[in-house]
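Thanks for passing this one along. Here are my notes, in the order I'd go through them with the viewer open.

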Amino acid sequence: MEVGCGVAGGGIEGGKKQQQPRQFARSLTYHHHQGHRLLPKWRRPQLADEPRARPQAVVLYTTSLRGVRRTFADCSAARAILRGSRVAVDERDVSMDAALRRELRALLDARGRAFSLPQLFIGGRLVGGADEVRQLHESGQLRRLLEGAAGQDPAFVCDACGGVRFAPCPACAGSRKVFDEEEDRVLRCGDCNENGLVRCANCSS
């Protein structure tokens with residue numbers, strides 16, 4: 001007569017081998033992850049009317065003309081605040097290139113805002129003019145907005161353009177004219193702006 005229950009794990013009882021029960025359970029972890037793909041992290045799409053800039057690029061539209069004293073003073077103040085924040089700034093002087101003026105006007109028109117200078121963009125988003133920059137700086141919020149921006153020594157001066165942000169066009173040497181050998185005539189240079197200048201490639205985004 002066989003006595004007692006079998007020993008778990010396949011022990012021998014009364015001369016007979018106890019058979020182990022079949023394993024029907026499957027790994028839940030295996031089925032949970034099999035064929036599972038991680039979705040890419042969502043990012044806000046770049047709007048068509050925003051400056052084409054690197055992530056957290058700092059773009060400041062200004063003018064170097066002193067015709068309107070208040071505007072020139074506001075541009076200088078915004079420039080000084082950003083320089084003191086030790087970040088790299090792509091300054092776009094609209095008085096040096098009509099295309100930059102048209103670019104800024106289109107950006108402001110798309111947002112229903114009147115044209116004024118200066119205007120600051122951080123990471124492709126409009127921050128505002130001189131009053132907004134000053135208020136954000138005084139409240140400490142500007143530093144938070146500038147997190148992730150490229151750093152730069154306030155005393156840095158570009159070797160290529162001397163800090164002017166523009167250089168004479170290499171194609172026409174600033175004359176705005178080039179000679180076309182095929183047509184045997186002088187043509188308007190297509191590489192530079194109305195002043196015979198091109199934006200500095202070393203310090204412009």
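The points below start with the whole chain and then turn to particular residues.

1. First, the ground rules. This is a predicted model, where local features need pLDDT of at least 70 and side-chain atom pairs count only at pLDDT 80 or more, while totals for chains, interfaces and linings use all residues. Residues are numbered from 1 along each chain as its sequence is written, and side-chain values use heavy atoms, with hydrogens and water left out.

2. The overall picture: the protein has 5 helices and 10 strands (DSSP runs numbered from the N terminus, H or I of at least four residues for helices, E of at least two for strands). Of its 205 residues, 29% count as buried, meaning under 20% relative accessible area, with exposed being over 50% and partly exposed in between (1.4 Å probe, protein chains only). The accessible surface is about 14700 Å², and carbon and sulfur atoms hold 51% of that (Shrake-Rupley method, 1.4 Å probe; for residues, only the protein chains shown count as cover).

3. Contacts here are heavy atoms within 4.5 Å. Taking those with a separation of 6 or more, 59% are between residues 24 or more positions apart.

4. How many disulfides are there? The structure holds 0, with the cut-off being a pair of cysteine sulfur atoms within 2.5 Å. Cys 189 is in none, and its nearest cysteine sulfur, on Cys 169, is 3.8 Å away. Cys 189 is buried, at 3% relative accessibility. Likewise, Cys 192 is in no disulfide, and the sulfur of Cys 172, the nearest to it, is 3.7 Å off. Cys 192 is buried too, at 11%.

5. Now the aromatics. The count is 1 aromatic pair (ring centres of Phe, Tyr and Trp, the last by its six-membered ring, within 6.5 Å; planes under 30 degrees apart are stacked, over 60 edge-to-face, the rest tilted). Tyr 61 and Phe 121 make up an edge-to-face pair, 5.8 Å centre to centre with 75 degrees between the planes. That pair joins strand 3 (residues 58-62) to strand 5 (residues 119-122), its partners being 60 residues apart. Both Tyr 61 and Phe 121 are buried.

6. Have a look at Leu 108, in helix 3 (residues 98-110). Leu 108 is buried, at 1% relative accessible area. Leaving out residues up to four places away in sequence, Leu 108 touches Arg 113, Ala 114, Phe 115, Ser 116, Gln 119 and Leu 126. Leu 126 is 18 residues from Leu 108 in sequence, with 8.9 Å between the C-alpha atoms.
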